[in-house]
Every structure is written in structure tokens, then in C-alpha cells.
Amino acid sequence: MFEQLVDIIGNYVEVKKENIKPESRFMEDLGFTSFDFMSMLGEIEEELDVEINQEEAANIRTVQEAVDYLSKLS
């Protein structure tokens, strides 16, 4: 799941994959904008065939939190 998420993150920000860590924060460390983050969530929904609750997603700050959340959905 982590590697899959790293691949998707690479579509939205200019960060080398090896620099994306579980503790990386989307906004502060990876440079996501709110729009980037919401766009990425849409892609994740399509790729993984899951439905992401927008209110719960708003609380996701780090890559690991996203992995944990997505693991619960699939």
C-alpha cells in the first residue's frame, strides 16, 4: 500500500520517491496544496476502488495516516 501511494503522490508533487517517508506530511513536507490533495484522493478512489470520506480525509496529515486509513477501506 505504501509503495502504491508513493507512486500516486509522485503524480502531484515534485519530490523524489526515496524522499517520501511514512512520516512525511502532505502539506508541510511534500508541498501539497489543498487542491492537489483532493485531486490525489480522487485518483486513489479510482485506482483502489474505494470511497473516501471527505471529513475523515481532512484529518489525514502524513503518508502513514493515509496508508492506515486506506488499509481500513480495502
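So, the largest cavity: about 50 Å³ of space lies in there. By cavity I mean a set of points, on a 1 Å grid over the protein atoms alone, where a 1.4 Å probe fits but cannot get out. The points are joined across faces, edges and corners, and the volume is the space filled by probe spheres set on them. Counting cavities of 30 Å³ or more, we get one.

Before I go on, this is a predicted model, where local features need pLDDT of at least 70 and side-chain atom pairs count only at pLDDT 80 or more, while totals for chains, interfaces and linings use all residues. Residues are numbered from 1 along each chain as its sequence is written, and side-chain values use heavy atoms, with hydrogens and water left out.

Okay, what lines the largest cavity? Lining residues have an atom within 4 Å of a point, and here they are Phe26, Phe37, Met40, Leu41, Ile44, Ile52, Ile60, Ala66, Tyr69 and Leu70. By class that's 10 nonpolar, no polar and no charged residues; Ala, Val, Leu, Ile, Met, Phe, Trp, Tyr, Cys and Pro count as nonpolar, Asp, Glu, Lys and Arg as charged, and the others, Gly among them, as polar. H2 gives the largest share of that lining, four residues. Helices, by the way, are DSSP runs of H or I with at least four residues, numbered from the N terminus.

Now look at Phe26 and Phe37. Their ring centres are 5.1 Å apart and the planes sit at 65 degrees, so we call the pair edge-to-face. The rule is that rings pair if their centres lie within 6.5 Å, with planes under 30 degrees apart stacked, over 60 edge-to-face and the rest tilted. Phe26 is in the loop between helix H1 (2-9) and helix H2 (34-48), Phe37 is in helix H2, and they're 11 residues apart. Buried or exposed, you ask, for Phe26? Buried, at a relative accessible area of 1%, and Phe37 is buried too, at 6%. Buried means under 20%, exposed over 50%, partly exposed in between, with a 1.4 Å probe and protein chains only. Ring pairs also link Tyr12, Phe26, Phe32 and Phe37 into a cluster.

Last stop, two loop residues. Thr62, between helix H3 (54-57) and helix H4 (63-73), is buried at 14%. Beyond four places in sequence, Thr62 touches Pro22, Glu23, Ser24, Arg25 and Phe26, where contact means heavy atoms within 4.5 Å. Leu30 lies in the loop between H1 and H2 and is buried at 5%.

How values were computed:
Phe/Tyr/Trp six-rings, centres within 6.5 Å; stacked < 30°, edge-to-face > 60°. 1 Å grid on protein atoms, 1.4 Å probe; cavity = no way out; pocket = protein on both sides within 12 Å on 5 of 7 lines; lining within 4 Å.
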